[in-house]
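Hi,

Here is the structure I promised to pass on.

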Amino acid sequence: MADLRTFDLNLLIAFDLLMKERNVSRAAEKMFISQSAMSHVLQRLRQQLEDPLLVKTPEGMTPTLRALSLVAPVAAVLKDVEGLIRAPAPFDPASCRRAFTIAATDYVEALLLPILAPRIARQAPGVDIHFKRTSSRFPLNALEQGEIDLILGFEVMLNPPKHLHCESLFDDYMVCVARIGHPQVNAALTLEDYIELPHILLSRTGASTGQVDSWLAEHGRERRVALTVSHFLSASLIVAQTDMVMAFPKRTAEQFAQNLPLQLVRLPLDLPHYDTVMVWHPLQDQDLANRWLRDEIRAACATLDH
C-alpha cells in the first residue's frame with residue numbers, strides 16, 4: 001500500500017502526462033526526459049499505486065479502471081499545487097475588500113488621517129481603516145497575531161523590538177502654544193518667563209510629569225502644571241481661551257492654529273526632535289495589501305511638508 005511519506009509526489013506530474021498522451025514516448029518529450037527514463041517512471045508509478053495503470057492493447061496503451069479513477073483527482077491536486085507556488089496576482093486596490101487596523105497615537109491620527117483617508121477612499125473604496133490608540137505598552141502580541149497591521153508613533157516612545165521592521169516617516173519638535181494676545185507670551189520667551197506661566201500637561205497614562213518636566217529637573221528647575229488632560233483637542237481649546245500654555249508638537253500645533261486663535265513660540269528648552277516611525281512585522285513584509293497601505297502612508301507623509 002502506498003504511503004504519502006514515501007510517495008514521490010513528482011510522479012503525479014508524470015501520471016498526468018501519461019494519461020493525457022497514453023504514449024510513453026510523447027509523455028517523455030513533454031517531461032524533457034528520455035523514453036527509457038519515462039518507462040522507469042511508469043514502473044515506479046505501477047509499484048507505488050499497485051496497478052498496471054497503462055496496458056498495451058491493439059489500439060495502443062489503454063488506462064486501467066484504477067488509472068481512470070485517478071485522472072480527475074490528480075489533475076485537481078496538481079492545479080491546487082500550481083496555484084500555491086504561482087506568484088500572487090498584482091494587488092488591485094479598487095477591487096480589494098479588506099479591513100486594516102493601525103495602532104497610533106492621537107497625534108499621528110490627527111495629523112495623518114485627514115490626508116490618508118481621502119487617498120484610501122479614492123483608490124480603494126472597499127478598504128476599511130480602523131485606527132486604534134496605542135497604549136503605554138508596545139502591542140507586540142497583537143502585531144504578531146495579525147490583530148494590528150501597522151503601528152505609527154514616536155520611535156522614542158514606542159521603542160519597538162529590534163526584530164520588527166521600523167521605518168522613519170517624518171520628524172517633529174516641541175513648541176510652546178499660547179492664545180493670541182496672551183499678556184505674558186511673546187516671540188522671545190525666556191526660560192524664566194516660561195516657568196512662571198501656568199501649564200497644561202498632556203498625559204495619556206495619568207502621569208503627573210512629562211518630558212518638559214524631566215528636562216527642567218535636570219537643570220534644577222520646575223514648572224507649575226495647572227491642568228492635566230489626555231487629549232490634544234481638549235488641550236488646544238483650553239489654551240485658546242485661557243492664559244495657560246502647553247508644549248505641543250509643532251505639526252499638530254500648526255494644524256490647530258488654522259482654526260483657533262493660537263500662536264506658536266519657540267520653547268526656551270533644548271528638547272530633541274521626535275522621529276515618527278512606521279512599524280510592521282516581518283510576516284507582513286511581502287503581503288501585497290500591507291505593502292500598498294505602507295506606500296499610501298509614505299505618500300501621505302510626504303505631503304506634510306508641502
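Arginine 179 is partly exposed, with a relative accessible area of 21%. In this predicted model, the arginine 179 side chain makes a salt bridge to aspartate 243, with 2.8 Å between the closest N and O atoms. Arginine 179 sits in strand β7 and aspartate 243 in the loop between α10 and β10, so the pair ties together parts 64 residues apart in sequence. Aspartate 243 is partly exposed too, at 30%.

That's one of 14 salt bridges found in a search of the whole structure. A few others to look at:

- Glutamate 167 and arginine 298 form a salt bridge, their closest N and O atoms being 2.6 Å apart. Glutamate 167 belongs to strand β6 and arginine 298 to helix α12 (residues 288–302), so this pair links parts that are 131 residues apart in sequence. Both ends are partly exposed: glutamate 167 has a relative accessible area of 22%, and arginine 298 has 26%.
- Aspartate 16 and lysine 20 meet at 3.0 Å, N to O. They are four residues apart in helix α1 (residues 11–21), which means about one helical turn separates them. Aspartate 16 is buried, with a relative accessible area of 13%, whereas lysine 20 is exposed at 61%.

Aspartate 172, in strand β6 (residues 165–172), is buried but has no salt bridge. So what is the nearest side chain of opposite charge? It is arginine 251, 4.3 Å away, and a salt bridge needs a side-chain nitrogen within 4 Å of a carboxyl oxygen. What aspartate 172 does have is a polar side-chain atom 3.2 Å from the backbone nitrogen of lysine 250. Leaving aside neighbours within four places in sequence, its contacts include Tyr107, Pro249, Thr252, His273 and Tyr274.

Arginine 251 is itself buried, as are Thr252, Ala253 and Phe256, in helix α11 (residues 250–257). The buried residues of α11 pack against several elements, among them β6, β7 (174–179), α10 (232–241) and β10 (245–249).

Last, something on the surface. Val77, Val81, Leu84 and Ile85 make up a nonpolar patch there, with about 420 Å² of accessible area together. Valine 81 is in helix α4 (residues 65–85) and is partly exposed, with a relative accessible area of 40%.

Cheers

Note on methods:
Residues numbered from 1 in each chain as written. Predicted model: local features only at pLDDT ≥ 70, side-chain atom pairs only at ≥ 80, totals over all residues. Heavy atoms only, no water. Helix = DSSP H or I, 4+ residues; strand = E, 2+ residues; numbered from the N terminus. Buried < 20%, exposed > 50% of the residue type's maximum accessible area, 1.4 Å probe, protein only. Lys, Arg positive; Asp, Glu negative; His and termini not counted. Polar contact = N/O pair within 3.5 Å; in protein donor to acceptor, adjacent residues only side chain to side chain. Contact = heavy atoms within 4.5 Å. Patch = residues over 30% accessible without salt bridge, like charges linked within 9 Å, V, L, I, M, F, W, Y side chains within 5 Å. Areas by Shrake-Rupley, 256 points an atom, 1.4 Å probe, with all protein chains shown as cover.
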